[in-house]
Structure formats: structure tokens, C-alpha cells
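Me: I'm new to reading protein models. Could you walk me through some features one by one?

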Amino acid sequence: MGDSGVGHGGDAARRAGTGRRVPTAARAVLRALREDLWSTAARPLPPIATPGGQMWQPAVVVLLVLIAAVIAPFAVNALAFSPRYGIGMGTALLLGVVQAATPVVAAFRPVVAWWVTTAAMAVTAALPALAGDVSTAGGLTPWTGPAITAQAGVLFLLALRLRPRATAGALAVGVVVGLLCALLPPGARPAGVGQAVAILVTAAVLGAALRGRQVARSELIVQEELTAGERARRALLEERNRIARELHDVVAHHMSVISIQAQVAPHLVEAPSDELRENLAGIRDSAVEALAELRRVLGVLRSEDAVADGVRHAPQPTLDRLDDLIGTVRGAGVGVDTQIKGERRPLAPGVELSAFRIVQEALSNAMRHAPGARVRVEIGYHAAVLAVRVTNTAASGPVPPARDGGHGLLGMRERADMLGGDLVNGPLPDGGYEVLATLPLEDGS
């Protein structure tokens, strides 16, 4: 008895819970429909990933206008002269033009166009019913052939611009309104409803699928851009670290020389004065202190780079090793021509090192991106600048896809900027490529 009471109480509670959930769900559905379909705002298309895709949108609008012009006469004819509808010419003309124009409106205001085409469908079905011609119409359908074409087009454009939930809501409302228009009049014999619903569902699914594909491609492109940007920043930082290490070696060498010379200088002068000894000692102490500080600041860079750690004591390359570098490239089968303009002379270590690295990277780029091309290296010793120009002819073989995102160019530009110079690069009219760096010589050497 007790169990039975509990069972009845549990059933009542479940029915009460179900009774509460149904209104709640209904309110949620109505709220979603209002949010999605009660708006006159323009809904932009998802970003078009294809380059130049935006330029086709005006052409699409022109195409929709042409389609509307073709549909309109058929829509007016069906409404005015079909025994199924028998609407007067004035009303048929108004409804037919409105139905035909809705796809054009949908290109800008898809929700508004959808409401208009749904209302036109309801009016189309209501007029014969009000005139009492339903029983003689040979079967009632709220959709004429042109009307279902226009409504499917509107639904397709709406699905392209709105999220799938809104598309599903528009489809459901349109189908429900159509079925009510076809079934409610007394004595009505619905016809063609199944085909119309299938056409609308197909349009909605196709539009939603294309929108989903476009959204996915756009998100993928955004991610690729973020990844490329992050890769470029990482490459730039690595190149800066490399430059810092190399400059550290150059500066450390000179500071060491200064320290040693300051220490030796008093012994090279007969009876040096106390002031001279004191000044030279100060110079040595400053050099040693600067060297220690430089090593402390840049020590982290060395410890994080095993490769650099292995070559830390190797002498930094200068333009004196340019012939060795070009010989190595020639040994790899690449034709390289060289030209030295001006008087070849020693330059500041930073300039020599950067010029060598720029030539080295430009040669590497030519080998990677222009297989079979001939390369020309020109070094110009001018009064105030050192010009480094590396050009290559067009590739004679298949060009492999780029994988490093142009990070070599970032490094070359960073080196030129570090010295206050400039670097330009770009394709040549004959299909080749040019890298031109101008490095200032502060001392005019």
C-alpha cells in the first residue's frame, strides 16, 4: 500500500516535472526564434578566403536581379491565370513581383526577405480560400512553381549568412505556415506539399553546408596567419640572439685588446709618470669591467644555444672568407659570378660580419628557391657605404614550395637595420630575384 502510494507520488512528480519542462522548452524555442528571426539587420557573409572573392558579390547581385526578372512573369501568370488560384490581375501582379524580388532583397537583408516571402505565400493560399474556390481548385498548395523557387533561394541565402540554428528556425516556420495554409481551409485538398518541403530542406541544408565550409576555411586561414606570425617572431628573435652573440665576440675581442694594451703601455714608456700609470690602469679596469658586464648580460644566450656553444671560440667570418664561401656554393653545382667594385679594404668587424652573413643567406635562398639559376654577387666599396647585391636568374627547374616563411630575409633585414643600413629585395623583370643591402661606414673607411 505504502509502495503504491510512493509509486503514484513519483508518477505525479514526473508528470509535474514534464509539465514544467514543456513550457520552459517552448519559451526557449520562441526566444531563440525571436533572437534569430526578428531583426532587420544586414547579415554579412562569412569572410571569403579565396583572394578576390569579395569582387564577385556585385556580380551575384546582378545575377539575382536577372533571375528575379525571369521569375516575375511566370509568378504573375501562375497567380492570375491558373485555375488553382484565380487571383485578379492587380493582386497577382503585386504578389508575383514581390515573390520574384525577395531573393534580391535577401542578398542584403535575408531575414526581412524571408518574412516577406513567407507572408506572400500565406496570402497566396488565403485568397482562393476566402473566395471559396478551394473545392474547385483541384488541390491547394500555397507554393506556385515560381514562388517555391524564390522562397528556396531566399532560404539558401539566409543559410549562407546566419548560423544553422536560425536557418533551422526559418525552415521550420516556413514549413509550418505552408502546411497550415494548405490544410486549414475547409474542404482543402493539399497538393505538392511534399515536393515543396523537400526543395526547402535541400536549399537550407546546402546553404548551411556552404556556410560551414566557408567558416571552417576562414578559421583555418586565421590560424595559419597566427602560426606564420608566431614563426616569424621566433625566427626574428633567434636571429637577434645570433647577432648578439656574434657582436659579443667582436666587442669582446676589442675590449680584450684594449685591456692588454693598457696593461703593457706603461712598460713601453721610459719613466712613465704616475698620472699616465693611473690613467692607463683606469682604462684597463674599465675595459675589464665592460667585458665582464658584456659577458654576464649575453651569457644566457650562449648557454641556451648548444650550436653556438660549440662554435663560440671560432673566429667570426669576414669578407676575406667570401671566396671560400662562393667556392663552397660552386662546389654544390651553382654557377656564381662575383664582382668587387672599389678598393677592397678592411672594414669595421660588424660591417664585415653582417655583409658576409647577408651574402651567405642570399646564396642559400637562391639555392633553395631558384634551382638551376645563376647567381651574381657584387660587393661595392664606396666612401660612405658598403653595397652588397646578390641577384639570381629565373629558376630553370621546378621550384619547391617555401617552408621557412621568408625568415632568412628577416634576418638579413635585421642585420642591415642594426647597422643603420637598408635592405631591399624583390623579383626582377626577367623572373630572377634581387637582394640589395646598403651598410653605412661610420668612419668612412
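**Reading the model, feature by feature**

Reply: Helices (H or I, at least four residues) and strands (E, at least two) are DSSP runs, numbered from the N terminus. Keep in mind that this is a predicted model, where local features need pLDDT of at least 70 and side-chain atom pairs count only at pLDDT 80 or more, while totals for chains, interfaces and linings use all residues. Residues are numbered from 1 along each chain as its sequence is written, and side-chain values use heavy atoms, with hydrogens and water left out.

Me: Is Val 269 buried, exposed or partly exposed?

Reply: Buried means under 20% relative accessible area, exposed over 50%, and partly exposed in between (1.4 Å probe, protein chains only). Val 269 has a relative accessible area of 40%, so it is partly exposed.

Me: Which residues make the nonpolar surface patch with Val 269?

Reply: Patches are made of residues with over 30% relative accessible area and no salt bridge; like charges are joined within 9 Å, and nonpolar side chains (Val, Leu, Ile, Met, Phe, Trp, Tyr) within 5 Å. The areas come from the Shrake-Rupley method with a 1.4 Å probe, and for residues only the protein chains shown count as cover. Here Ile 260, Val 264, Leu 268, Val 269 and Leu 276 make a patch of about 440 Å². Helix α7 (residues 193-268) gives the largest share, three residues.

Me: What about the inside? Which residues touch the most other members of the largest nonpolar core?

Reply: In soluble globular proteins, nonpolar side chains tend to be buried together. A nonpolar core is a set of buried Ala, Val, Leu, Ile, Met, Phe, Trp, Tyr and Cys residues joined through side-chain atoms within 4.5 Å. The largest one has 32 residues, and Val 359, Leu 363, Val 375, Val 377, Ile 379, Leu 386 and Val 388 touch the most other members. Elements giving two or more residues include α11 (349-369), β2 (375-381) and β3 (385-392). The largest share, eight residues, is from α11. Apart from this core lies another, of 29 residues, including Met 121 and Ile 148.

Me: What does Leu 386 contact?

Reply: Contact means heavy atoms within 4.5 Å. Beyond its neighbours within four places in sequence, Leu 386 contacts several residues, among them Leu 319, Val 351, Ile 379 and Leu 439.

Me: And charged residues: how many salt bridges are there?

Reply: Side chains of opposite charge can pair when their charged atoms come close. A salt bridge is a side-chain nitrogen of Lys or Arg within 4 Å of a carboxyl oxygen of Asp or Glu, and that rule gives six here. Take Glu 230 and Arg 233, whose closest N and O atoms are 2.9 Å apart. Both lie in helix α7, three residues apart, about one turn of the helix.

Me: Which parts does the salt bridge between Asp 337 and Arg 374 tie together?

Reply: The closest N and O atoms of Asp 337 and Arg 374 are 2.9 Å apart. Asp 337 is in strand β1 (residues 336-341) and Arg 374 in the loop between α11 and β2, so the pair ties together parts that are 37 residues apart in sequence.

Me: Which residues are linked in a network of salt bridges?

Reply: Lys 341, Arg 376, Glu 378, Arg 389 and Glu 434 are. Arg 376 is partly exposed at 31%, whereas Glu 378 is buried at 10%.
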